[in-house]
Amino acid sequence: MTEDLYHDIILDHYRSPRNRAADLERADVHVHHNNPLCGDELDLRLRVATADGTAAIDAVVYDGEGCSISMASASAMTEAVVGRDLADADDLAEHFRAMMHGEPAKREDDLLDGIAFQGVAKFPVRVKCALLGWMALRDAILTFQQGEASHRVTHEEPTLAGEANHE
Amino acid sequence: MFDVTTIRKDFPVLERQVHGRPLVYLDSAATSQTPQAVLDAMDRFYTTYRANVHRGVHALAEESTAAYEDARGRVADFVHADARGVVFTKNATEAFNLVAYSWARSQLGPGDILLTTQMEHHANLVPWQLVQQQAEFEIQYIPVTDEGLLDLDFFEQAMAGGRVKLLAVTAMSNVVGTINPVADMAERLHKSRDDAVMVVDGAQSVPHMPTDFAALGADFLCASGHKMLGPTGVGVLIARPELLDSMPPFLGGGEMIADVTLSGSTFNEIPYKFEAGTPVIGEAIGLAAAIDYLEALGMSDVRRHEEELISRCIPALEAIDGVRVHGPKDPTARGAAISFAVDGLHPHDVGTIMDREGIAVRAGHHCAKPLVRSLGSVATTRASFYLYNTPDEITELVRAIEVTKQFFGNLG
């Protein structure tokens with residue numbers, strides 16, 4: 001069962017993170033999320049490109065401190081969402097969230113390595129770790145759409161559903 | 001000296017398996033396990049004489065009142081205190097809140113300093129911060145050195161200033177294990193100012209070493225029942241009776257009153273003034289049975305057993321490549337809560353792999369975030385030992401850390 005949690009793909013993202021950087025040139029939005037319960041800290045930066053009236057993720061980087069699940073999930077997330085338009089990336093994040101709550105995976109192919117986190121759903125206390133990067137992404141998209149450049153969110157104790165609440 | 005193998009048979013939970021492996025329970029600093037004798041005592045209350053206390057004239061009420069008051073006496077004897085100063089609470093946290101809302105709120109004001117430390121559990125920080133919003137005193141924190149000791153120069157300077165009216169210090173850290181010189185600090189405080197009081201957090205020390213409230217010289221001592229083999233839902237505030245008597249009530253309701261009219265109330269004598277409503281009867285009876293169990297073993301021997309485990313555990317952990325132990329290394333200077341870091345690994349990952357090996361450790365900030373931050377970290381892994389732990393379990397701990405390191409492989 002440990003293999004469900006620490007899938008080889010997850011360990012690979014932990015050991016060899018993708019798009020992990022402390023800064024992003026010409027970033028449009030920066031969000032900082034932390035989970036005081038376990039001390040995880042995550043910074044996510046997005047650069048948005050608009051063409052033909054559609055805003056898409058031109059570049060996304062993350063940085064932070066946290067367990068293997070939270071950092072690897074953020075890494076896999078960046079690969080899955082770069083290039084997508086904002087609404088589509090948000091929809092993919094919603095699919096990931098549903099999958100972490102035990103619903104059948106949809107858009108499996110679009111999640112790329114994100115699908116490897118399916119087994120984390122069996123570990124309720126770790127679900128919030130896998131969701132941290134994706135929730136930061138959704139917050140970054142929303143922040144951008146509201147015309148803001150930065151936002152900070154503290155995730156409180158997980159609810160029964162294993163979800164985090166916003167400030 | 002007691003025989004650990006025999007003792008373990010008194011704890012039903014220690015027989016269980018976790019993920020197909022024998023349970024190695026190394027989380028007693030969070031909560032201890034319960035011996036059968038405690039369960040039996042509570043069972044007798046619920047099956048043969050359950051009744052409310054201090055009211056009613058029937059036989060069951062008399063028996064339950066006698067058992068409840070006997071429990072108060074057992075607690076008092078256990079820590080060498082006066083039973084009139086023993087208040088049952090739901091946990092140690094409530095005991096701190098009682099002191100904060102009753103004593104601190106009425107006695108502290110502008111110009112006064114409440115001195116505590118960076119080492120404290122949130123239970124000994126947050127109540128003061130809450131009351132500070134109403135009473136406008138100043139809070140200062142004694143820093144913690146790199147060795148995990150209190151900065152006593154800072155303490156001495158604060159004493160020399162003469163403005164510290166409340167000193168709140170843990171007797172034993174729940175994260176780094178440090179045993180603080182609380183008796184010396186109490187003496188120094190009382191020399192600096194006649195009206196100053198000291199609160200000692202005994203949540204970790206009372207279960208693990210002999211406690212003498214009279215010799216300690218403190219004014220309040222807070223402790224928790226569930227960390228000393230008792231049930232959850234019971235804690236105690238130990239106070240100097242004359243001080244307790246001078247304090248306004250904390251929670252209001254039945255039991256704590258002498259008379260109630262529509263224009264006001266007068267209050268019961270101590271300690272009942274501070275036990276509003278039906279108290280924790282079954283839990284107090286369970287706690288008394290836990291104290292019986294501890295006294296039969298002898299608290300000096302409990303402490304000796306744990307010093308032996310500490311003296312084996314710390315070198316064994318430090319022998320592992322990439323493992324650092326936080327806090328004092330000298331077994332006589334610390335308790336058996338041992339926090340450590342494994343280079344490159346997050347404590348939650350360490351804790352999860354350990355769990356799969358049947359080992360229960362705590363990973364996180366241990367409700368002491370300022371201290372954990374001072375260690376340069378957001379979280380630690382903590383193995384904490386008690387009277388039922390064995391040297392073999394240290395071997396298992398070390399093995400599981402090696403397994404964890406291999407699992408995550410060549411990181412960094």
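1. Two strands count as paired if DSSP finds at least two bridges between them. In this predicted model, strand 5 (residues 113–117) and strand 6 of chain B run parallel and are joined by 5 bridges, so the pair meets that cut-off. One residue pair to look at here is B:Leu114, whose bridge partner in strand 6 of chain B is B:Ile139.

2. In general, strands of a sheet pair through backbone hydrogen bonds, either parallel or antiparallel.

3. The contact takes 24 residues from domain 1 of chain B and 22 residues from domain 2 of chain B.

4. Which elements give two or more residues to the side of domain 1 of chain B that touches domain 2 of chain B? They are helix 11 (299–318), strand 14 (337–342), helix 13 (369–374) and strand 17 (380–384) of chain B. Helix 11 of chain B supplies the largest share, 5 residues. By class, this side of domain 1 of chain B has 12 nonpolar, 8 polar and 4 charged residues.

5. Between the chains, 12 residues of chain B are in contact with 10 residues of chain A. Helix 12 (residues 347–356) of chain B gives the most to the side of chain B that touches chain A, with 5 residues. That side has 5 nonpolar, 5 polar and 2 charged residues.

6. A:Arg107 has a positive phi, near 50°, and lies in the loop between helix 4 (86–100) and helix 5 (124–145) of chain A. B:His19, also not a glycine, has a positive phi of about 50°. The loop that holds B:His19 runs between strand 1 (17–18) and strand 2 (21–22) of chain B.

7. Are these two residues buried or exposed? A:Arg107 is partly exposed because 16 other C-beta atoms lie within 10 Å. B:His19 counts as exposed, because it has 12 other C-beta atoms within 10 Å and the class covers 12 or fewer.

8. A cis peptide bond, with omega about 0°, joins B:Ile270 and B:Pro271. B:Pro271 sits in the loop between strand 12 (264–267) and helix 10 (281–297) of chain B.

9. B:Ala30 is found in the loop between strand 3 (24–25) and helix 2 (36–49) of chain B. With 18 other C-beta atoms within 10 Å, B:Ala30 is partly exposed; a buried residue would need 20 or more. B:Ala30 and B:Gln204 are 174 residues apart in sequence, yet their C-alpha atoms are 9.3 Å apart in space.

Technical notes: Residues are numbered from 1 along each chain as its sequence is written. Chains are lettered from A and ligands numbered from 1 in the order in which they are written. This is a predicted model: local features need pLDDT of at least 70, side-chain atom pairs count only at pLDDT 80 or more; totals for chains, interfaces and linings use all residues. Helices (H or I, at least four residues) and strands (E, at least two) are DSSP runs, numbered from the N terminus. Two residues are in contact if their C-beta atoms, placed from the backbone, lie within 7 Å. Ala, Val, Leu, Ile, Met, Phe, Trp, Tyr, Cys and Pro count as nonpolar, Asp, Glu, Lys and Arg as charged, and the others, Gly among them, as polar.
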